[in-house]
There are 4 protein chains.
Amino acid sequence: MPNAEKPGNLDNFDQSIADVMIKAHEKPDGLPGYFGVRVEEFAPGRLVMAMDVRKDLVTIMGTLHGGVMAGFVDHTLGCVLYPLMKRGQWAATTEFKLNYLRAIKTGTLRAESTVLAMGRRSAVIRVDVTNEDRLVCVAQGTLLISDPPKG
Amino acid sequence: MPNAEKPGNLDNFDQSIADVMIKAHEKPDGLPGYFGVRVEEFAPGRLVMAMDVRKDLVTIMGTLHGGVMAGFVDHTLGCVLYPLMKRGQWAATTEFKLNYLRAIKTGTLRAESTVLAMGRRSAVIRVDVTNEDRLVCVAQGTLLISDPPKG
Amino acid sequence: MPNAEKPGNLDNFDQSIADVMIKAHEKPDGLPGYFGVRVEEFAPGRLVMAMDVRKDLVTIMGTLHGGVMAGFVDHTLGCVLYPLMKRGQWAATTEFKLNYLRAIKTGTLRAESTVLAMGRRSAVIRVDVTNEDRLVCVAQGTLLISDPPKG
Amino acid sequence: MPNAEKPGNLDNFDQSIADVMIKAHEKPDGLPGYFGVRVEEFAPGRLVMAMDVRKDLVTIMGTLHGGVMAGFVDHTLGCVLYPLMKRGQWAATTEFKLNYLRAIKTGTLRAESTVLAMGRRSAVIRVDVTNEDRLVCVAQGTLLISDPPKG
């Protein structure tokens, strides 16, 4: 994270929600299940997830399919905010952009999501992905925060 | 495509390469296989691919996982250029950005990739994704074109 | 605009607000004044602005400074929504992405902003910029819509 | 910069080229002249530029015009690579994306460009902009590197 004030909302980190998400990733369903995504670290405003580069995720060119990276980035980006929101709120990724820096052949991907700014209605997230300590993908995107329906 | 000159390179469309890619998508491997991506149309500078929104691609919120859309967009974006390149050249997606416009629950996704500009070394592609005739995602990205190694 | 349903909100177009914005661009202040931006067309969900490539906006490489294009795109993107909002609402660009397609030396730039989707809280806009009928820049971005403070 | 290997090309930093660019910004022409951009630091793979938020760069809403930020980001992004290239090479920004994090009213903008990856033909750059120690804008983009014409 750049040398600047951290978002104040990081103080609202709810460890019990982070724990639920860590637990859910022990045997995830759907796309994160297909990828084999696991949580490595969940701290206020910071989430690290990992997955392995399996043979069947590699194209005939011998390198990881870019769509796997894109899906992995989307997932990590979308999960980081949950423990920072109020009960009942939810967040949805509304946009992101990524740059692929290097072709990937084997090993483990580690995606680190960082909350750069968080307001009442939206948050901006940065994602850095490394593969064996080399930076291989960078992304930034926006989450829109929704309030629970008023009863 | 906007009302502007089309890229000149569209004249170089090689139907036989398009046919190979259509054939390869009849029973695709890896990520496109997991998604069930099929080719609906492959024309000069324009590729339409489709996939169905299966239950296991939907999150517990009841909507399509954004990472599925991101992976589908990446795949469609990366394939459109092949029939336009010279033999031996290859193209790799180097970056893209997408905006999610609506939550998706069921039905079919149709991604249309359009070549907006193509030079000797790079090309810019636009992707529009519809779900039951509603625009649900838009993207734009860059492919870098590589020459075959000189023998 | 892609072959898909148009956003329903386009019916709310308020011509009197469009007229105020057209008038304001007859002698604009600040950045649009420095660029010499003018309104060419303002229709529901569609805004066309133009500016001339002056010598002092060109770098020593002989081509238009990319920052001029970026500023022009931001301005066009940010203005298109005003006649579609309710009285008292306002919109702010929260993000955008652009691809430069060609170097520009002279002539007129025409930026066309199109509303691709518009909800209660946000809208997604596409911008196509042409220079003498050649597509030279494409962009897409998000506007966040704010309600007037409750009295 | 993330905790990952730095791009190897940073060793090729040519201080004399950095000095030329610092000198050129003492009295810049065109857009950087209009903005009043100055160089604060130029190190291998890292460039810090600054500009002041003047009254005429602020809109009638009382906040900095987003197009000023976009133009400033483009300029900083495009300049960082020059001292790292071989003589005769040049680089052009081909795309970037930015997220605006906060409205800005007064003070100084500081944009820090960092080279995240640099290959033979392209480089990926990150830009963080602060205003009085608050992060106000983040961007990432691509520069395409061209070789001098062969004689």
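This report looks at how the chains of this structure touch one another, in a model that is predicted.

**Chain A with chain B**

Let us start with chains A and B. Each of them brings 24 residues to their contact. Together they bury about 1,900 Å², and carbon and sulfur atoms give 61% of that area. Which three residues of chain A supply more of its buried area than any other three? They are A:Leu31, A:His65 and A:Tyr100, which account for 26% of what chain A buries against chain B.

Charged side chains also take part here. Two salt bridges are found across the interface of chain A and chain B. In a salt bridge between A:Glu95 and B:Lys97, the side chains come to 2.7 Å, N to O.

**Chain D with chain B**

Chain B also meets chain D, with eight residues of chain D in contact with eight residues of chain B. On the chain D side, D:Glu95, D:Arg121 and D:Leu144 lose the most area to chain B, together 60% of what that side buries. How many salt bridges cross the interface of chain D and chain B? The count there is zero.

| Chains | Buried area | Share on carbon and sulfur atoms |
|---|---|---|
| A and B | about 1,900 Å² | 61% |
| D and B | about 720 Å² | 44% |

**Helix 3 against helix 3**

Now for the helices. Two packed helices are described by the angle between their axes and the distance between the axes.

In chain A, helix 3 covers residues 66–79, and it packs against helix 3 (residues 66–79) of chain B at an angle of about 155°, with the axes 7 Å apart. Because this angle is over 145 degrees, helix 3 of chain A is roughly antiparallel to helix 3 of chain B. The crossing of these helices is right-handed. From chain A, the residues making the contact are A:Gly66, A:Gly67, A:Ala70, A:Gly71 and A:Asp74, and from chain B they are B:Gly66, B:Gly67, B:Ala70, B:Gly71 and B:Asp74.

What about chains C and D? Helix 3 (residues 66–79) of chain C packs with helix 3 (residues 66–79) of chain D at about 155°, and their axes lie 7 Å apart. That angle makes helix 3 of chain C roughly antiparallel to helix 3 of chain D. Helix 3 of chain C passes its partner in chain D in a right-handed crossing. Among the residues that meet are C:Gly66 and C:Ala70 of chain C, and D:Gly66 and D:Ala70 of chain D.

Notes: Residues are numbered from 1 along each chain as its sequence is written. Chains are lettered from A and ligands numbered from 1 in the order in which they are written. This is a predicted model: local features need pLDDT of at least 70, side-chain atom pairs count only at pLDDT 80 or more; totals for chains, interfaces and linings use all residues. Side-chain values use heavy atoms; hydrogens and water are left out. Axes are lines fitted to C-alpha atoms, for helices over the stretch in contact, and angles run from 0 to 180 degrees between N-to-C directions. Helices (H or I, at least four residues) and strands (E, at least two) are DSSP runs, numbered from the N terminus. Angles under 35 degrees count as roughly parallel, over 145 as roughly antiparallel, 65 to 115 as roughly perpendicular and the rest as oblique. A crossing is left-handed if the near helix is turned anticlockwise from the far one by less than a right angle, and right-handed if clockwise. Contact means heavy atoms within 4.5 Å. Buried area is the accessible area (1.4 Å probe) that two parts lose on being put together, summed over both. A salt bridge is a side-chain nitrogen of Lys or Arg within 4 Å of a carboxyl oxygen of Asp or Glu.
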